[in-house]
Amino acid sequence: MNRVAYYKGCLASLSAKELDISTKALAPKLGLDLVELESVTCCGAGDIHEAEPDYYLHLNARILAFAEATGAETLMTICNVCTLNLRQANWQLRNDDALRARINTNLEAVGVPPYGGKVEVKHLLWLIAEGEGFELLKGVAHKGLKGLKIAPFYGCQILRPSKLLGFEDPDRPSSLERIIEACGGVPIDYPAKIKCCGFPIIQAREEVALAELIQPIEQAMEAGADAMVTPCPLCHLSLDAWQSKLEKATGRTLGMPILHLSQLIGVAAGFSDSELQFKRHVVPVTAVTEKLEV
Amino acid sequence: MLVVGGGCAGMRAAIEASDLGADVAIVSKIHPVRSHSGAAEGGINAALGNSAEDNPEMHAFDTVKGSDYLGDQDAIEVFTAEAPGDIYQLEHWGCFFTRNEEGKLAQRPFGAAGSPRTIFAADITGHVLIQVLYEQVMKRDIPVYDEFFAWRLVEEDGSCVGVVCWDLVHGGLKLLSGKSVVLATGGAGRLFRATTNAYACTGDGMAMALRAGLPLKDMEFMQFHPTTLYPSGILLTEGCRGEGAYLINSENDRFMAKYAPNAMELASRDVVSRSEQTEIDEGRGVNGSIYLDMRHLGAEKILTRLPGSRELAMTYAGTDPIYDPVLVRPGAHYHMGGVETDNVGATELDGLYAAGEVACVSVHGANRLGGNSLMETITFGRRAGRTAAEQALAKGPGVTAPRSALDDAERDLKTVLDRVEGERPWKIRDELGASMLENFGVFRREEQMTAQIGIIDGLRERYEHVVVEDKGDVFNSDLTQALELGYLLDLAGVMMKAGVARKESRGAHARPHDYPQRDDENFLKHSITYLREGDTELSWKDVRMTRWQPEERKY
Amino acid sequence: MKVALKIWRFDPALGEKALRDYEVDAPEEATLLDVLDIVKDRVDGSLAYRKSCRMMICGSCGMRMDGGAVLACKTRMYEIAEAGHVPVISAMGNLPVIKDLVVDLAPFWEKMRAIQPYLRPGYADPGDTEHVITPAEMDVVHKEALCINCGCCTSECNSLEADPEFLGPAALAKGMRFVGDPRDGHTVERLESYSQEHGIWDCTRCYFCQQRCPKGVDPRDAIAKLGAEAMKHGIDRDMGAKHAKWFVTSAKTTGWLRETELVPKTQGIARSIKEIPFAMQLLKKGKVPPPVPPHVAKDVDQARALYDLVKQQGRDGAAGIVQGERALERIEFVEEQERRKK
């Protein structure tokens, strides 16, 4: 079993609880022994990075320090934004000795162990898109998706800036497609799969965000997708919870089911309703589940 | 008032003119921020004395000696005296410069400088200058005729009254009028196959002036920069050597010890280029190049002081200078010669002025010091801008250039555009570049130069029959590129004549096989070339000396 | 080597677009720009594109390759040709196309002019010498000073595509260049201006600009620095700023984000009341967690204490982002070092 520190982030704790539940159900089957971090906070998203940059570094250093303290080599995330934030902080701390020293002094002053730079931050997606994780995935997805057409939506901060993330080609990623295929689904290709869902400005600039958000959903529909999958709970919130606003704004009927990555695999693995928690989705996933009953 | 050319000199001239209340517009075939001034890397010289003891007299002497005593000393003295003020002006406008520990402008050592006086911004000095100047242009709302290709100067009653341009974006010839016209169109490195210069550096202003009957001065002096990347010709700044890089031959020797034992890699550029060429010619080169070795500088210094150079080496030579030495060779870089002007930028033609690389004041004589060119663009750009503005403002009512100039130009252009069969320009361009490098490179010989004159005549014949494939109006760069080739051919002709006529070795004009010595008795003079009825008319003019008598030039 | 390309041609006279195939022989060290030159010289002289320096400093040759903006002179063709890939070359996005690969940069320059792109000096008069500025102070804007106005960031900006009036990454990065310059005396005015509608808070944080910039300007980071400076100066009336502030408040009080209160805190009571029908939808699915009792993270007092320490040490505003930037800049170099060790 691969013992990893698990940082679930804010959304998975509350409004996207289904993500945490399905991840925890899936993890052991994928050889992941999750050690959930509790003495942590929000990673700050782009917001604390912008509003209080030094605080952002401290908060993320604290998360990394506690992850390191578990003895695990990997800190697993399940959100694009958490991934970028933690990886950026990790990079700065590892490669700027003076910065790390100052922050560690502060951490120790409040009772947090100092961070030695030994943790690698990885999104669940990366752990199962290749290697041992992928092999286990293939075994787990035995029930399969029965040729369901799934449009992958990567979002932004799992791909860019690629020098901080670097798992795959930011212009032509393929990890989600591989996973969809391994689960017996048919991946749908469309240009907006790497564009922005608009979530960061969906409250402050709703019109602009909706003009962004319509693109992936529209293109996925036109390409004949049955559902979309995303590795980021913020993208999920945009795509799922804001779909009704999109319908109002565009006058179109959409009804596109949006799955979290762990749910997609969970479906292929024959998870129960209590493990998938589809009832927490705003856009019904029944179209998908019905298709699979046959 | 019009300023033709939007680089450092052009923009500085326009800013000065605008501040004096002149109604000035910049005319440029590329957007001003695309000008090749922006590619300058290493720095700009002024005797600020921030790094070590320095003063304008020391700067002037270094420049005079660097020019191999061909520079006009009165111009040089004005230049070095006014340079510090011009630098502070740029800094007050917000120019981004690297600072020293005390927070003052840092100054680094550069070729043939007695004291470190090169002010810089990492290794992108030209870029920051272009940015600050364009910011000041925007601030003053100076109109820019962007992507207007200047083709002909218009003269009326003995004065320059405007310029005929091809409007690249919309098509068609346009006539622009002005009581003063300042040429700031840069150099003509594109004459040579191995050059640091941009595609746009085709000597437009020099050729227009030549065709309008004006004299060009010292055209035989083309500086070959010692460290241009192999094979692209892209510039690696002298600043690398300023920070301590070595030049190494195939036998791993720092060969500059043989040629300039005191200054070593920081000897004057012509000295270094000749040394490199000698090593290469004598078989101690690699791929017709030698190595620039920066490994001993360490990653920290390279990443902080020379990040641009590192990126250029990695992208265009596939070499990371932190780990490996880089192959470099001499490449055509800067034209010391140009349109003859006085110390305030005025030419022989009333109403026409020139500043920057297009001009020959002469500040640089037979060889230019690194960092002096950027300074020249600012100091003489300002001076020419001022002169042009004052004289334009004093002239009373505005002027409208005669319609006939436009009609004539349209007729001539139609001949070119209407042609449906002929040779594509690229072949002529490539042959020109290769032959000029072969026969008029770092080392020159009588037979080769004479042969080159014949080659150029042949190319000019063929040029009469070039065909422009694009017959459209919108963005016809096929046409403008063909016109640029015409400029190059005219300039090549006068350069060769001047080269043959100068029977000595001085500065960048090196004739080690037939005339290896400098001959002050006969040639302490500038060459003056006119184009009269298709032929070069050559004469000589004395160098203006104030303080310094020619001495033996050793580094 | 043989290089094959597809180029989107646009004929302004006919107003027609067409995808054309080309294949030419090029030297191994050829860049995309070199290949275009060969096409123009030997195949079709009417192909239109901009070029000048060919050494990634003039910014003329921005264009799209396979849908993403690049500098043609920076793009080596060897690996692409070897892999047998045929790239699709088209004009940059978000700008009107004049012909083929030439776009109209007037909207780009308009946005640039809108941010007052020149130093506006303060009262300190250095006289006839230079302002004294430490290297650390100058460092705050060293990345923003790298911008060559090529338009690659603008081409791919997702916010700009959705809102054509957005100032855009290039103009905002230039704005930061002056906000962070100690010689500029109009910081507050600038921040007010950039914090308006279509400014800083329009940025969707897609990081496309950062990804595509050929010079390492990192425009998204510049926009974040502007946000940081704006908030440091108390210019935080925009919903975007309020949204960000609530994240900070959440972290130092409950640790986890106080999601439900985020809406009224960002949008104000009036707008939040209008959102109630929408909120009810989400509430039915359990997506609106009750604000009470608050979801408090374990040992949150540490987070509170850290906040106080951070405030004491005062690395506020852009300086907080600039620290450790050299570390980020070095990523490729460090990776190369590791690679060589193996």
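The legends below describe close-up views of a predicted model.

**View 1. The two domains of chain C and the contact between them.** The domain assignment divides chain C into domain 1, covering 2-103, and domain 2, which is made up of 105-258 + 294-342. Taken over C-alpha atoms, the centres of domain 1 of chain C and domain 2 of chain C are separated by 33 Å. The contact draws 16 residues from domain 1 of chain C and 16 residues from domain 2 of chain C. On the side of domain 1 of chain C that touches domain 2 of chain C, the elements that give two or more residues are strand 3 (62-65) and strand 4 (68-71) of chain C, and strand 4 of chain C gives the most, with four residues. By class, the residues on this side of domain 1 of chain C are nine nonpolar, five polar and two charged.

**View 2. The interface of chain A with chain C.** In this interface, 59 residues of chain A are in contact with 66 residues of chain C. Among the elements that give two or more residues to the side of chain A that touches chain C are helix 1 (9-13), helix 5 (80-95), helix 6 (97-109), helix 10 (206-222) and helix 12 (243-250) of chain A. Helix 3 (45-51) of chain A is also one of these elements, and helix 3 of chain A gives the most to the side that touches chain C, with seven residues. The residues on the side of chain A that touches chain C divide into 26 nonpolar, 18 polar and 15 charged.

**View 3. Helix 4 of chain A against helix 14 of chain C.** Helix 4 of chain A packs with helix 14 (residues 300-313) of chain C at an angle of about 145 degrees, and their axes are 10 Å apart. The crossing of helix 4 of chain A with helix 14 of chain C is right-handed. From helix 4 of chain A, the residues A:Asp54, A:Tyr55, A:His58, A:Leu59 and A:Arg62 meet C:Gln302, C:Ala303, C:Leu306, C:Tyr307 and C:Val310 of helix 14 of chain C. Sorted by class, the contact of helix 4 of chain A with helix 14 of chain C has six nonpolar, two polar and two charged residues.

View 4. Four strands of chain A form an open sheet in the order 6-5-7-8, with parallel pairing. Strand 6 (186-187) and strand 8 (258-260) of chain A stand at the edges, and each has a single partner strand, so one side of each is left without a neighbour in the sheet. Strand 7 (residues 227-230) of chain A runs parallel to strand 8 of chain A and is joined to strand 8 by three bridges; A:Thr230 has A:His260, in strand 8 of chain A, as its bridge partner. Helix 9 (residues 175-182) of chain A packs on the sheet, where helix 9 touches strand 5 (149-152), strand 6 and strand 7 of chain A, and its direction makes about 160 degrees with that of strand 5 of chain A. Helix 11 (residues 233-241) of chain A lies across strand 7 and strand 8 of chain A, and runs at about 165 degrees to strand 8 of chain A.

**View 5. The packing of helix 1 and helix 11 of chain B.** Helix 1 (residues 8-19) and helix 11 (residues 372-394) of chain B pack at an angle of about 40 degrees, their axes being 7 Å apart, and their crossing is right-handed. The residues that make the contact include B:Cys8, B:Ala13 and B:Ala17 of helix 1 of chain B, together with B:Leu374, B:Phe380 and B:Ala388 of helix 11 of chain B. By class, the contact of helix 1 of chain B with helix 11 of chain B has 11 nonpolar, four polar and four charged residues.

**View 6. Two cis peptide bonds in loops of chain B.** B:Tyr230 and B:Pro231 are joined by a cis peptide bond with omega of about -5 degrees, and B:Pro231 has its place in the loop between strand 12 (222-229) and helix 6 (239-242) of chain B. A cis peptide bond also joins B:Val361 and B:Ser362, where omega is about 10 degrees; the place of B:Ser362 is in the loop between strand 18 (359-360) and helix 11 of chain B.

View 7. B:Met264, a residue other than glycine, has a positive phi near 50 degrees, and is placed in the loop between helix 7 (256-259) and helix 8 (269-281) of chain B. B:Met264 counts as partly exposed because it has 17 C-beta neighbours inside 10 Å. Phi of B:Glu533 is likewise positive, near 50 degrees, and B:Glu533 lies in the loop between strand 19 (525-532) and strand 20 (535-542) of chain B. With 5 other C-beta atoms within 10 Å, B:Glu533 is exposed.

How values were computed
Residues numbered from 1 in each chain as written. Chains lettered and ligands numbered in written order. Predicted model: local features only at pLDDT ≥ 70, side-chain atom pairs only at ≥ 80, totals over all residues. Domains from an automatic or database assignment. Contact = placed C-beta atoms within 7 Å. Nonpolar A, V, L, I, M, F, W, Y, C, P; charged D, E, K, R; others polar. Pairing = 2+ DSSP bridges. Axes fitted to C-alpha atoms, helices over the stretch in contact; angles between N-to-C directions. Left-handed = near helix turned anticlockwise from the far one by under 90°. Buried ≥ 20, exposed ≤ 12 C-beta atoms within 10 Å, placed from the backbone.
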